[in-house]
Amino acid sequence: MGDELRYDGRVAIVTGAGNGLGRAHALLLGARGASVVVNDLGGDVHGGGKSSAAADQVVAEIKAAGGNAVANYDSVEDGGSIVQTALDHFGGVDIVINNAGILRDSSFAKMSADDWDLIYRVHVLGAFRVTHAAWPHMRNKGYGRIVMTTSAAGIYGNFGQTNYSMAKMGLIGMANTLAIEGASKNIRVNTIAPLAGSRISETVMPPQMLEALKPEYVAPLAAYLSHESCEESGSLFEVGAGFHAKLRWERTVGHHFQGKSFGPEDVAEKWAEIGDFNDATYPKSIGESLMSILQGVASPFGQG
Ligand code: NAD
């Protein structure tokens, strides 16, 4: 085991920290010396209701263990006031773990615009508002660690979760660009796709599986990505039950018609080649992506 990673002097905001994963993140950071803003609206799993009890309970647990924490009961849609709580109580913000989340599952055919909009507002707009309010403070300080929480449902899709998949994939895109924009200011931004037993997952998982998937098995990765020694940025990880793995894009060598006239039947003819992952590449940036698309374009179009 390496030396214990500490967060003394760091201020962390963990959204949705009254239950499940956020609670585990907050307890771990609090136990390792961070001053923690425990944000939680205290609503139900579908976004209804409001209570201070969940956040208060986690603040009490952190304090009972000798840590430093304060509660905030605002919705992440009101991100500015969550960041203000960090500034008022602890004088800054170094770490943001965007974790708050709800579900409004329904097949696409039955999905209402309200179900779509609420999921967007809590997951995407909420992460935007909290991160956007913290961003200038991180830039001024030249330091920041941000973690987004996506889901396998966003990465791979899942029946009944078009709204949630849209939101969770949106967070990956947000993190990818924030990692680029934050690079020069020592702001590192990564995304985790957790699997853990919680109010959210107990609706879709059997009890014995939930037992093996403790939120405490996800918190160490979120905490490591939030540590000053971690230079990782713009990356995506799957984590749960002790399993940790990194994901990346893979692209086939493909086929380039390079300006020759072509129609749908030519695409059909090259279909196997277009989908052949032998000798695949792993583009890491928009520049690497463009290089393949533009090959041959630099020379006179059609000659390439
Ligand atoms: P959870 O329901 O136990 O905890 C989520 C917390 O977020 C709750 O305490 C809730 O009150 C809070 N919250 C909801 N809306 C909020 C808002 N508008 N403002 C502030 N707080 C709000 O669920 P969890 O499983 O711990 O989920 C945490 C995150 O992980 C979510 O973003 C979820 O989508 C994601 N996730 C979880 C799993 C899993 O297996 N548990 C899998 C993939 C992704």
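Helices here are DSSP runs of H or I at least four residues long, numbered from the N terminus. With that in hand, let's walk through the structure, keeping in mind that this is a predicted model.

Start at the ligand. Of the 32 residues around it, Gly-16, Gly-20, Gly-101, Ser-151 and Ser-198 come nearest. Two helices, helix 1 (20-31) and helix 4 (113-141), each put at least two residues into this shell, and helix 1 gives the most, with three. Sort the shell by class and you get 18 polar residues, twelve nonpolar and two charged.

Now follow helix 1 along to Ala-31, which belongs to that helix. Setting aside neighbours within four places in sequence, Ala-31 touches Ala-65 and Gly-67. For a sense of scale, Lys-270 sits 239 residues away from Ala-31 in sequence and 57 Å away in space, C-alpha to C-alpha.

Back to helix 4, which also has a packing partner. Helix 3 (residues 79-90) packs with helix 4 at an angle of about 40 degrees, their axes 7 Å apart. That angle makes helix 3 oblique to helix 4, and the crossing is right-handed. On the helix 3 side, the contact uses Gly-79, Gly-80, Ile-82 and Val-83; they meet Gly-126, Arg-129, Val-130, His-132, Ala-133 and Ala-134 of helix 4. By class, the residues of this contact split into five nonpolar, four polar and one charged.

Key. Residues numbered from 1 in each chain as written. Predicted model: local features only at pLDDT ≥ 70, side-chain atom pairs only at ≥ 80, totals over all residues. Near = placed C-beta within 6 Å. Nonpolar A, V, L, I, M, F, W, Y, C, P; charged D, E, K, R; others polar. Contact = placed C-beta atoms within 7 Å. Axes fitted to C-alpha atoms, helices over the stretch in contact; angles between N-to-C directions. Parallel < 35°, antiparallel > 145°, perpendicular 65-115°, else oblique. Left-handed = near helix turned anticlockwise from the far one by under 90°.
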